[in-house]
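Biologist: Please put the structure up. I would like to ask about the ligand and the pockets.

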Amino acid sequence: MTTDKPPAVNSDPLISTGHDSLDAHSAIPKAGHLPAAQIRQMLQQRWGDALLERLHAIGRIAANLGTPAYLVGGSVRDLLQNHPTPDVDLAIEGDVRAVAGACSAELSGVQCTYHPQFGTAILQYPDGFQLDLARCRIEHYPAPAALPEVQPGDIQADLIRRDFTINAMAISLDPENFGDFLDPYGGREDLQHSLLRVLHPLSFLDDPTRILRGLRFAVRFQLQLEIDTRGLLEEALAQDIFARLSGARLWRELKYLLELTDLPAALEKLGAWQLWTLLRPAPLELEALLARIRRGQQEIKWFHCHFSGEKLLGAAVLLTILWRDVPWAEAEKRLHYWPLAEGCHILNDLHRLSEMPVALAKASRPSAVARLWESLSLPGMLALRAEYPETDAITESGRYYLLKQRGLTSPLNGKDLQAMGLAPGPQLGKVLRRLHDARLDGAIKDKETARQWLIRQGILPAIQP
Ligand code: ATP
Ligand code: MG
């Protein structure tokens, strides 16, 4: 691609630079030797001259320190596929801190943050672009599903510790051989054949989170399990490998899964890979469940659209939907192991949700309806809305509560009431609640109408000083 001026740095790597001459027929160049010149061309065409120059600069700095640098992992995979890459990862054969420090000293405006506990660093460029640096390492798993013991290694060791062949490729940034492509396990060929393949037979036993990582990659990139890898998955499940994984690590992977835009496809794959039990018993009516999940995802989007600054754990909405028809004890058992702050609300919501339709139908006043919605957590409210079509009265009622009623407060607070002569204590709390209800029912709208209402209710004497 020749242009008059160099393209700006693609500071948001989520933005792919689109098609180019390399992928007229396929985004992934055909298997076989992939010369450095072709990789350099790919980097320039897909990521732009300015990012290429940044990679050259780091390669130079790292080489001067005698610690070669490589582009690795998901970045290489995404580059080959011409997919947007969310983060650009570099592996350093040596002291990351020294390389990051030298980059920040020599490159204008670049700041580095070093994390000693992980031996990693982040390079932050003035335009917001960032690069992640990690030391090449050897990993040894002392027991199945345990965290690995780590020691420094070279790029070959760093590639073999990785999860799948498609993530075990590297590109040299060394000035002597910039663009040299390292693909010892045939990751490029597997990408071309849409295959997900582990690097060695113990991979899933060492780290069962790779099974769920693999499921996400399979959904994202439409990959099939390579046949031996499928056998290894079955073997790992036969050994009940997930029972050895800590709840925190399992939950982190499940949360990533629940955050996938294509969650319905991921859930279908969960079934195909015999993994339902991680989340819930296999559903009897999968299609109906997937339809509710899709509505749940729309609800989450709807909520973020209307309340952009407000926090919402989307995973809790989806879990509530997923657990609606499972025995309560099943949900409780799982939440017991997962460090999910919202867990207790999910259990409460699961109790409440079954009663809600009848209770809502019976509630005559707006305040009664609002109190019912308030008995659910936010994820519970969205999960309930997701059970019904957009036009259903329950969905409408939930929308009305969230948009109109939730923000309504009583025009008088506790201090106002005390200034009017009411004594502090539980009675005051009851009056405040009644005032809030009166506001929800439209009986009062401001301080004055609230004061008159208090008089009519006999709470305040008729003549106020
Ligand atoms: P994404 O686009 O989702 O970020 P990614 O491949 O970059 O995909 P990361 O979680 O960012 O995934 O991990 C970066 C790289 O680290 C992976 O490509 C893989 O090589 C390696 N990696 C991450 N987790 C594991 C794991 N549990 N076991 C082995 N290698 C892993
Ligand atoms: Mg990544």
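**Ligand and pockets**

Modeller: A backbone N or O atom of Asn167 lies 3.1 Å from an oxygen atom of ligand 1. Taken alone, ligand 1 exposes 590 Å², and the protein buries 77% of that; accessible areas come from the Shrake-Rupley method with a 1.4 Å probe, and for residues only the protein chains shown count as cover. This is a predicted model, where local features need pLDDT of at least 70, side-chain atom pairs count only at pLDDT 80 or more, and totals for chains, interfaces and linings use all residues. Residues are numbered from 1 along each chain as its sequence is written, chains are lettered from A and ligands numbered from 1 in the order in which they are written, and side-chain values use heavy atoms, with hydrogens and water left out.

Biologist: How far is an oxygen atom of ligand 1 from an N or O atom in the side chain of Arg162?

Modeller: A polar contact is a pair of N or O atoms within 3.5 Å. Gly74 has a backbone N or O atom 3.2 Å from an oxygen atom of ligand 1. For the side chain of Arg162, the distance is 2.9 Å.

Biologist: Which element supplies the largest share of the shell around ligand 1?

Modeller: The shell divides into two nonpolar, four polar and 10 charged residues. Here Ala, Val, Leu, Ile, Met, Phe, Trp, Tyr, Cys and Pro count as nonpolar, Asp, Glu, Lys and Arg as charged, and the others, Gly among them, as polar. Helices (H or I, at least four residues) and strands (E, at least two) are DSSP runs, numbered from the N terminus. α3 (74-81) and α8 (209-220) each supply at least two shell residues, and the largest share, five residues, comes from α8.

Biologist: In which pocket does ligand 1 sit?

Modeller: On a 1 Å grid over the protein atoms alone, a pocket is an open set of points where a 1.4 Å probe fits, with protein on both sides within 12 Å along at least five of seven lines; lining residues have an atom within 4 Å of a point. A molecule sits in a pocket if more than half of its atoms lie within 2 Å of its grid points. By that test, ligand 1 sits in the largest pocket.

Biologist: Which element gives the most to the lining of the largest pocket?

Modeller: This pocket is lined by 46 residues, with Arg162 and Arg213 among those nearest its centre. By class, the lining has 17 nonpolar, nine polar and 20 charged residues. With six residues, the top contributor is α8.

Biologist: What is the volume of the second largest pocket?

Modeller: A volume is the space filled by probe spheres set on the grid points, which are joined across faces, edges and corners. For the largest pocket, that space is about 1800 Å³. For the second largest pocket, the volume is about 450 Å³.

Notes: Polar contact = N/O pair within 3.5 Å; in protein donor to acceptor, adjacent residues only side chain to side chain.
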